[in-house]
Structures are given as structure tokens and as C-alpha cells.
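This briefing accompanies the sequence and the model shown below.

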Amino acid sequence: MPQSGFYAKVRRGLPALVGQWLRLGQADTDRLALILAETARVAKLGDPEATPSGATLVAWSEPDAGDAIPLWAARTATFLLVQMPARPVPESDDEACAWAYCWLRNRDFDGFEAAERALPEHLRGPLAAALKAAWTDRQGLRLI
């Protein structure tokens, strides 16, 4: 039976998030992996030890790969997808949770309203519930 907590949804949604980057990125898989790793380094979204191969990136997009995907890759995929002119949106509740989780990890926000306002307009509706859940999860972790 799949876990139903917020973070479990995030882990299940990460492969779809990476999959969107693979589908919408306009390059072969090795180049998309390079772009992902270099963007992570330049944008300070993580520090990959090595650039993954295109095959690794494809493996990360498989439905059961959630636990294998490094956070830097998911954060960077979110960073890149949010900026795309194609205006992609998450295609499931789990994927929306992954997008929202990464959105909050990518920037510092003074409050939920600031995080919501900073979203591009086309993502406000699709991420509304997931962003609330992500914010609640984030605030809960601060109490520990």
C-alpha cells in the first residue's frame, strides 16, 4: 500500500517532474543531463558530484525511481520547467506535490502568500493545494 503523507507524494511525483524535463527539453538525453547538472551548479541548487548520463536521467523518470533521484536534480528540473515558454504544469497530484516542494526549497519566502505570489500565473491554480501542503510540511519540520 503506497504511503499517503506529503513527502511520500513528493517522492512518487519526482519521476514525473524529471520526465517533463526530458519531454520538453529540446536536446538529446545526454545534453539534458549536462544542462541539469550545470544549471544546478550555476544557480546554486545543488552540487552534483558528477554529471549524470542521459541513461541515468531516463532512469530517474521511471515511475519507481523516486528514492533514487537526488534533490539537486528535482530542484533544478523545477527551476528550468518554471521558466519554460511552453508553460508546463504538473500532470498529477503527486507531481504537483513534487513541484511545490521543490519550489519552496529553491527560494526563501517570508510566508505562504509570498511563495504563492512568486509562482508564475499559469502555475497558481495547478499548484494551489500542493503549495499549501508543502508549506504546512515545511513549517512542521521547523518545529523539530
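This is a predicted model: local features need pLDDT of at least 70, side-chain atom pairs count only at pLDDT 80 or more; totals for chains, interfaces and linings use all residues.

At 37% relative accessibility, Glu38 falls in the partly exposed class, and its side chain meets that of Arg41 in a salt bridge with an N to O distance of 2.7 Å.

**Salt bridges**

- The structure holds six salt bridges, among them the pairs Glu38 with Arg41, Lys9 with Asp93, and Arg12 with Asp94.
- Between Lys9 and Asp93, the closest N and O atoms of the salt bridge are 3.1 Å apart.
- Because Lys9 lies in helix H1 and Asp93 in helix H5, this pair ties together parts that are 84 residues apart in sequence.
- Both partners are partly exposed, with a relative accessibility of 24% for Lys9 and of 44% for Asp93.
- In the salt bridge of Arg12 with Asp94, the closest N and O atoms are 3.0 Å apart.
- Arg12 belongs to helix H1 and Asp94 to helix H5, so this pair ties together parts that are 82 residues apart in sequence; Arg12 is itself partly exposed, at 32% relative accessibility.

**Helix H4 and what encloses it**

- Helix H4 runs over residues 71-83, and its 13 residues reach 19 Å from the first C-alpha to the last, which is close to the 18 Å expected at 1.5 Å a residue.
- Ten of the 13 residues of H4 are buried, and the helix is therefore largely enclosed by the rest of the structure.

**The contact of H4 with H5**

- The axes of H4 and H5 come within 9 Å and cross at roughly 95°, so H4 is roughly perpendicular to H5.
- On the H4 side, the contact is made by Leu71, Ala74, Arg75, Thr78, Phe79, Leu81 and Val82, and on the H5 side by Trp99, Tyr101, Cys102, Trp103, Arg105 and Asn106.
- Sorted by class, the residues in this contact are nine nonpolar, two polar and two charged.

**Loop residues with positive phi**

- Lys44, which is found in the loop between H2 and H3, has a positive phi of about 60° although it is not a glycine.
- With a relative accessible area of 69%, Lys44 is exposed.
- Arg87, placed in the loop between H4 and H5, also is a residue other than glycine with a positive phi, here near 55°.

Conventions: Residues are numbered from 1 along each chain as its sequence is written. Side-chain values use heavy atoms; hydrogens and water are left out. Helices (H or I, at least four residues) and strands (E, at least two) are DSSP runs, numbered from the N terminus. The expected span of a helix is 1.5 Å times one less than its number of residues. Buried means under 20% relative accessible area, exposed over 50%, partly exposed in between (1.4 Å probe, protein chains only). Axes are lines fitted to C-alpha atoms, for helices over the stretch in contact, and angles run from 0 to 180 degrees between N-to-C directions. Angles under 35 degrees count as roughly parallel, over 145 as roughly antiparallel, 65 to 115 as roughly perpendicular and the rest as oblique. Contact means heavy atoms within 4.5 Å. Ala, Val, Leu, Ile, Met, Phe, Trp, Tyr, Cys and Pro count as nonpolar, Asp, Glu, Lys and Arg as charged, and the others, Gly among them, as polar. A salt bridge is a side-chain nitrogen of Lys or Arg within 4 Å of a carboxyl oxygen of Asp or Glu.
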